[in-house]
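Please find below a colleague's note on the structure, written for a reader who is new to such models.

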Amino acid sequence: MSRRSIAGIDGRGQGVLIEEDLGPPPAGRVEVEVRASLISPGSELGRVPDVRRNPRPEQPPRPFGYANAGIVRAVGQGVEGYGAGDRIACMGGGYAQHADLCHVPVHLSVPIPEGVSFEAAAFAHLAATALHAIRRAAPAFGESCLVVGLGLVGQLTAQFGQLSGCHVMGVDRFDLRRRLARETGVEAVAGEEEDLEALAAEFTGGYGMDFGVIAFGGDGTGAFERIAATLKRAPDTHRMGRIVIVGGARVSHGFAAALGNVDVRSAARTGPGYHDEEYEHGAGYPPVFVEWPTRRNLAECLRAMADGRLRVEPLITHRFRLEGIAAAVDELVERPEGALGVVLRP
């Protein structure tokens, strides 16, 4: 039996550290000594402002986190391919938490290539989410894309769009996020208040955008309408193209003639396999039918990092020790305009 520390959010919306016992790794799981974890501001902390406005101090702390990287300490029954000391990137809600020790299903982890840091490897979950979103968009070389929302997933989606041979324009209200997008090579950026239809026409040489991505949660109707207005327009006035929704956005919009011949696609999580317990713990899918399951997407993201094609370390704005979880949460919740990639290091 080991003792571990794990980050949680309490009933006041504050980050706290929880101490608890951890037994040996169950069958199909790997015990990982965590070296870095990455906070996902939207999905992990999106409800915290409401909790702070309506606190319930009697509620016990809720552990959180789903993206980390570390070193294998032990493996459960049936796990093959890993040994003590191996460096791995991990993902999964309830598994790859902000902790100093965790148990992760074998197929929600991948080896870290040489030259990729633990901090960079902790981006694997969100990178695979972005990669799956771009796959759902079915990009073709030379197409133009508008990514609305330059949080972590939006930043990575924009990069993958360009790695697919597309021209990408990113949109966000925060200057920091626009600056980081420029630093990581995104071709063009714009503020929310700008005339996106005019900018898109200039950016695409008058052709119009081929597809757009909504990469944030909450009310996405305005973003949906603005993306639709930038898409290619046929002589009959109908818009044509694709809109992919990877963030947890809610959209209210008419279809048919009210939208045109636009394909609307949802991109769920990291690809096939995540939340399939049998797959997570070692079962496989026939690769001839399922070409890009979650684990392969994770590995491909890390390979892109190792090759220098996918740049994640410039997106890190803050680093905290695990015991500084309260300050880390405050930074993202209270000052979102000044923070993006927040890494915790046990």
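1. The model is predicted. The remarks that follow should be read with that in mind.

2. The structure holds 20 salt bridges. Side chains of opposite charge can pair when their charged atoms come close. Several of these pairs are described in the next points.

3. Arg52 and Asp330 meet through their side chains in a salt bridge, with an N to O distance of 2.6 Å. Arg52 lies in helix α2 (residues 48-53) and Asp330 in helix α11 (residues 325-334), so this pair ties together parts that are 278 residues apart in sequence. Arg52 is buried because its relative accessible area is 19%, and buried means under 20%. Asp330, at 23% relative accessibility, counts as partly exposed.

4. A salt bridge also joins Arg319 to Glu119, and their closest N and O atoms are 2.9 Å apart. The two residues link distant parts of the chain: Arg319 belongs to strand β18 (residues 316-321) and Glu119 to helix α3, 200 residues apart. Arg319 is partly exposed, with a relative accessible area of 42%, whereas Glu119 counts as buried at 12% relative accessibility.

5. Another salt bridge is formed by the side chains of Arg309 and Asp307 (3.2 Å, N to O). Arg309 counts as partly exposed at 39% relative accessibility, and Asp307 counts as partly exposed at 48%. Elsewhere, salt bridges that share partners join Arg52, Asp330 and Glu334 into one network.

6. Is Glu31 buried or exposed? At 6% relative accessibility, Glu31 counts as buried. This residue lies in strand β3 (residues 29-39). The side chain of Glu31 makes a polar contact with the side chain of His103, at 2.9 Å.

7. Val116 is placed in the loop between β8 (109-111) and α3 (118-121). With a relative accessible area of 4%, Val116 is buried. The C-alpha atoms of Val116 and Gly308 are separated by 9.5 Å, although the two residues are 192 residues apart along the chain.

8. Which residues gather in a patch of negative charge on the surface? They are Glu192, Glu193, Glu194 and Asp195. Glu194 is found in the loop between β11 (188-190) and α7 (196-203). At 32% relative accessibility, Glu194 counts as partly exposed.

How values were computed. Residues numbered from 1 in each chain as written. Predicted model: local features only at pLDDT ≥ 70, side-chain atom pairs only at ≥ 80, totals over all residues. Heavy atoms only, no water. Patch = residues over 30% accessible without salt bridge, like charges linked within 9 Å, V, L, I, M, F, W, Y side chains within 5 Å. Areas by Shrake-Rupley, 256 points an atom, 1.4 Å probe, with all protein chains shown as cover. Salt bridge = Lys/Arg side-chain N within 4 Å of Asp/Glu carboxyl O. Lys, Arg positive; Asp, Glu negative; His and termini not counted. Charge placed at Lys NZ, Arg CZ, Asp CG, Glu CD. Helix = DSSP H or I, 4+ residues; strand = E, 2+ residues; numbered from the N terminus. Buried < 20%, exposed > 50% of the residue type's maximum accessible area, 1.4 Å probe, protein only. Polar contact = N/O pair within 3.5 Å; in protein donor to acceptor, adjacent residues only side chain to side chain.
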